[in-house]
Amino acid sequence: MNLIKFNGVYKDYIWGGTKLNEKYNKNTGLEKTAESWELSVHPDGESIICGGESDGVPLSEYIKTNPDVLGTNRKSDELPVLIKLIDAADNLSVQVHPDDEMAKRLENQNGKTEMWYVIEADNDARIIYGVKEDITKQQLKEAISSNTVEKLLNSVSSKKGDVFFVEAGTIHAIGKGNLIAEIQQNSNVTYRLYDYDRRDKNGNARELHIDKGVMASVTKKLPEKAIPLCSDGTRLIASCEYFNVRELTVEGMAQMECTTKSYQALVCVDGSLEFESNYDKEMINAGQTVFLPAGHGKYTLKGNGKVLITEN
């Protein structure tokens with residue numbers, strides 16, 4: 001039942017920055033750190049438990065031995081989510097993720113629906129989120145070929161606290177100057193549609209996946225969605241068949257509960273909070289993620305800060 005911490009898994013993609021090292025004490029050992037995989041059972045970057053009786057155990061092995069930690073709501077004995085912190089010092093490629101049917105058929109992986117929570121944003125930071133108006137797949141393909149695709153894309157300003165629900169098939173890109181918490185399906189399938197003719201350190205253009213990407217893309221304008229306030233004071237900022245994510249602002253103290261229905265993953269996105277339960281007493285600082293096994297029970301968060309609570 002104890003709270004579980006992990007050693008991070010770090011990625012040094014070309015668009016990464018230094019905030020995860022400088023502001024969140026990740027100690028990645030990398031010159032640029034694009035992503036910190038905070039909670040993952042994916043083979044491309046699996047979380048390793050840090051501390052306690054299971055110190056050094058891969059998370060997938062721990063769950064395989066203790067499937068009840070996922071809760072009675074689980075649809076399988078595999079953790080359905082992957083949680084990342086993303087530091088975009090430069091623009092990410094314009095990309096799209098396939099849905100479950102396409103991903104399983106072509107890549108033998110899950111599809112990828114995700115949500116973004118903006119932790120920090122520069123004054124001029126932006127997000128690409130879908131298309132401005134309805135277009136056809138042929139129009140999308142022609143615009144990519146003629147390097148005019150940016151004219152079709154919905155580019156919006158981003159600020160601290162903004163939420164974007166990026167359903168599979170949504171054309172998207174994180175713009176430079178954003179630091180984001182991403183909660184997504186357990187998948188690592190990405191199709192790049194456009195990369196600004198960018199070159200890697202060897203002068204090579206990064207691979208594009210235009211045919212698959214166009215096939216996966218939804219080319220309809222996205223509807224706006226409201227974010228409801230829950231009875232316990234949290235905001236339900238994302239809800240789908242793969243995950244539910246609530247935002248909790250703590251000013252002094254908040255009493256919460258992790259029931260037998262689901263695990264909870266807590267990502268501290270601002271401030272510093274003292275976590276206390278019948279099993280644990282820990283500090284959770286901005287940039288840290290912890291995992292509560294289902295049935296952990298009631299707990300208290302004290303201090304001033306903000307957490308994202310992910311569950312089934």
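Reader: Is Cys258 buried or exposed?
Author: Cys258 is buried, because its relative accessibility is 1%. Buried means under 20% relative accessible area, exposed means over 50%, and partly exposed lies in between, with a 1.4 Å probe and protein chains only. Please note that this is a predicted model, in which local features need pLDDT of at least 70 and side-chain atom pairs count only at pLDDT 80 or more, while totals for chains, interfaces and linings use all residues. Residues are numbered from 1 along each chain as its sequence is written, and side-chain values use heavy atoms, with hydrogens and water left out.

Reader: How many disulfides are there?
Author: The search of the whole structure finds zero disulfides, a disulfide being a pair of cysteine sulfur atoms within 2.5 Å.

Reader: Let us change topic. Why is strand E8 described as largely enclosed?
Author: Strand E8 covers residues 126-131, and five of its six residues are buried, so the rest of the structure largely encloses it. Helices (H or I, at least four residues) and strands (E, at least two) are DSSP runs, numbered from the N terminus.

Reader: Which strands does E8 pair with?
Author: E8 runs antiparallel to strand E9 (residues 153-157), joined by four bridges, and Val131 stands opposite Leu153 in E9. E8 also pairs with strand E11 (residues 172-174) in the antiparallel sense, over three bridges. There, Ile128 stands opposite Ala173. Two strands pair if DSSP finds at least two bridges between them.

Reader: Which residues touch the most other members of the largest nonpolar core?
Author: They are Leu39, Leu79, Met115, Phe243 and Leu308, in a core of 47 residues. Among the elements that each supply at least two residues of this core are helix H2 (59-65), E8 and strand E16 (264-277). A nonpolar core is a set of buried Ala, Val, Leu, Ile, Met, Phe, Trp, Tyr and Cys residues joined through side-chain atoms within 4.5 Å.

Reader: What does Leu39 touch?
Author: Leaving out residues up to four places away in sequence, its contacts include Phe6, Leu59, Leu79, Ala265 and Phe291. Contact means heavy atoms within 4.5 Å.

Reader: What about helix H4, which of its residues are buried?
Author: In H4 (residues 137-145), Leu140, Ala143 and Ile144 are buried. They lie on the same side of H4, because they cover an arc of only 100 degrees around the axis. The arc is that of the directions from the helix axis to the C-beta atoms. These buried residues pack against strand E13 (191-194) and helix H5 (210-216).

Reader: One last topic: how many aromatic pairs are there?
Author: The search finds six aromatic pairs in the whole structure. Rings of Phe, Tyr and Trp (its six-membered ring) pair if their centres lie within 6.5 Å; planes under 30 degrees apart count as stacked, over 60 as edge-to-face and the rest as tilted. Tyr13 and Trp15 form a tilted pair, because their planes stand at 40 degrees, with the ring centres 5.8 Å apart.

Reader: Which of the terms describes the pair of Tyr263 and Phe291?
Author: That pair is stacked, because the planes are at 15 degrees, and the centres are 5.5 Å apart. Tyr263 lies in the loop between strand E15 (244-258) and E16, and Phe291 in strand E18 (residues 289-292), so the pair ties together parts that are 28 residues apart in sequence.
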